[in-house]
Amino acid sequence: MTSSGASLSADAARGALYLLMLIRAFEERVLQLVSDGSIRGTTHPYVGQEAVAVGACMALRADDWVVSTHRGHGHLLAKGGDPNRLMAELFGKAAGYGGGKGGTQHMADFAVGHLGSNGVTGGGIPIGTGAALSAQMRGTSQVVAVFFGDGAANQGTFHESLNLASLWRLPAIYVCENNLYAMSTPMRDACAIEHIADRAAAYGMPGVQADGMDVLAVAAAMHAAVEHARAGRGPTLIECKTYRFLGHSKSDQRAYRSREEEAAWRERDPITRLRAVIAARGLASATDVDAIERDAVAAVDAAVDFARRSPFPDPHAVLDGVFADANDRCPS
Amino acid sequence: MPELTYWQALQEALRQEMTRDPLVFLMGEDIGAYGGAFGVTRGLLAEFGPERVRCTPISEATIVGAATGAALTGMRPVVEIMFMDFVTLAMDQLANHAAKFRYMYGPQARVPLVLRTPAGGGRCYGATHSQSLEAWFLHVPGLKVIAPATPADAKGLLTAAIRDDNPVLCVEHKLLYATTGPVPEDEETLPIGRAATRRQGRDVTLVAYSYYVGIALQAAQRLADDGIDAEVVDLRTLAPLDTETVVQSVRKTGRLVCIEEGTRTGGVGAEVAARVAELAYEYLDAPIRRIAAPDVPIPFSPPLEQETLPTADGIVHTVQEMLR
């Protein structure tokens, strides 16, 4: 399945490895920070699923858009978001992406083409569809990658949006990150078929399976879908079977799945796999790979430091920014 | 000034804004050749083409969500939801996403989305095609809600809504579409968030909006024959609410009646009454009264439906009680 990554350049391989490692280190650190109380609220770790975000974004231009989910830190980092501002948002600090008003499930960075994470399962699917409509109507040649999970695929918005996007030939790529569990509910208890990609037939669009543990396989599937979309031929549904190595959110004890199953999936760790490809093809030396990992960890250290040093927002800011007006304080 | 119907005035606003700004486009069910369930968009498909007058499948959540995504990325969509009752199907997109993006994502985000929707009863459409749900949206920070009562207001407020950088809900009472009135020909906008005093009076303030402004004016006329001088305040915008105009009126008259077709509990009138109680309690000479639908689903049968709707008779009777 990785054969289509044969033309992978050394730069692209290192870039992908860096992002995989950055997201891994970032998410593991966030979980610690949630556990020790530095970060309040909850978090939905992306550990294990990194290949999907990184592989998908490898196929996108800087001005292409992504729409993210509740498990969204990886998408933001993969699209070029700033780890400092992301971490500061998780801390609820003024320097965060939303000035602390959004939090883990609600942040965006339009400058890098990230249109926002979304706290409602399936909530982002229509938003991404509309961004694709906007790109089409303005003739920009941009495409939109709409991320969502297996749980969201059972929402009505999935059906409505894929139908509309196919009908109007919108430049959208629907990237289903099927991590096999909607919170605790196994896919087999919630979905009447085994492969969500098979649903594409019902919408008259291509449906593709890509190994969600293999960044190059995801990138290859995305490249084809992006080309299809930019050629004006409409959307694609890509299903990436993947696995979250950790719980759904901070408090999940994972009672609904076995440690054996988890171990089997960890054998397919996307970082290990890309390292093996890099070593086999001589795309980077072991020393280089170590340096990439150190850089990733250093970026996370710096982000934590930045977030800790940033001030909390002024409590009076609570009334600001409800409306996009010159005078945008909340009306009394 | 030409006389137009309310629906023509809305269409004038759509046409002028679509002509002025290529980013403005329409989306909704049966808004093309059919012209929309109440005819507001008739002719616009021929005029602007299917790219800008987009007939959609029956997918309210995605109509509103896609419009939100388009708005977030620079377009200015105007969505029609065929009956206000069906906004329920798009509630997540409207209340959780469109309304909150600006606040959560910061100044980079703006959602210049207009959602037009026919509301209200009086046509025997039954419980799922007759509701006046506007009060719900007062409880969603980030949304603006307009409810024009006249053709001129319909044009001016809808124009302002299309130019507004926030999500705006335009509530159009079905019984208003065929009403007529003078409408300015130019691209005049009316400020969102400002009420209008439709009739000056000294004895009682009747607060209404949309179709019930006309009913309140009829009641005021009859009260005048009785020697009672009613002031009629047309809210025009429900969010943000023009508290100032209402409070000033009550300070003058000492009595307040809130009139609406939505159900009574948690209604627009409840909010108006609460604000007046907070800000002008000492000016009140009588308890505040609300005239609204009882807390029942809208029934079909004509006499039953009529029983739920506010009437000029009911207003006159209530005011007479207050002044007794």
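Modeller: A crossing is right-handed if the near helix is turned clockwise from the far one by less than a right angle, and left-handed if it is turned anticlockwise. In this predicted model, the crossing of α4(A) and α12(A) is right-handed.

Biologist: At what angle do the axes of helix α4 and helix α12 of chain A cross?

Modeller: The axes of α4 (residues 83-90) and α12 (residues 286-309) of chain A cross at roughly 50° and come within 8 Å. Angles from 65 to 115 degrees count as roughly perpendicular and those under 35 as roughly parallel; α4(A) and α12(A) are therefore oblique to each other.

Biologist: Which residues make the contact?

Modeller: From α4(A) come A:P83, A:N84, A:M87 and A:A88, while α12(A) gives A:A299, A:V300, A:A302, A:A303, A:V304, A:F306 and A:A307. By class, this contact has ten nonpolar residues, one polar and no charged.

Biologist: How does one judge whether the chain as a whole is compact?

Modeller: One compares its radius of gyration with that of a globule: for 332 residues a compact globule would have a value near 20 Å, and the 19 Å of chain A agrees. Chain A contains twelve helices and seven strands, and 56% of its residues are buried.

Biologist: How many residues of chain B are in contact with chain A?

Modeller: In chain B, 36 residues are in contact with 35 residues of chain A. The largest share of that side of chain B, nine residues, comes from α3(B). The side divides into 16 nonpolar, 15 polar and five charged residues.

Definitions and conventions:
Residues are numbered from 1 along each chain as its sequence is written. Chains are lettered from A and ligands numbered from 1 in the order in which they are written. This is a predicted model: local features need pLDDT of at least 70, side-chain atom pairs count only at pLDDT 80 or more; totals for chains, interfaces and linings use all residues. Two residues are in contact if their C-beta atoms, placed from the backbone, lie within 7 Å. Helices (H or I, at least four residues) and strands (E, at least two) are DSSP runs, numbered from the N terminus. Ala, Val, Leu, Ile, Met, Phe, Trp, Tyr, Cys and Pro count as nonpolar, Asp, Glu, Lys and Arg as charged, and the others, Gly among them, as polar. Axes are lines fitted to C-alpha atoms, for helices over the stretch in contact, and angles run from 0 to 180 degrees between N-to-C directions. Angles under 35 degrees count as roughly parallel, over 145 as roughly antiparallel, 65 to 115 as roughly perpendicular and the rest as oblique. The radius of gyration is taken over C-alpha atoms; the globule rule is 2.2 Å times the number of residues to the power 0.38. A residue is buried if 20 or more other C-beta atoms lie within 10 Å of its own, exposed if 12 or fewer, and partly exposed in between; C-beta atoms are placed from the backbone.
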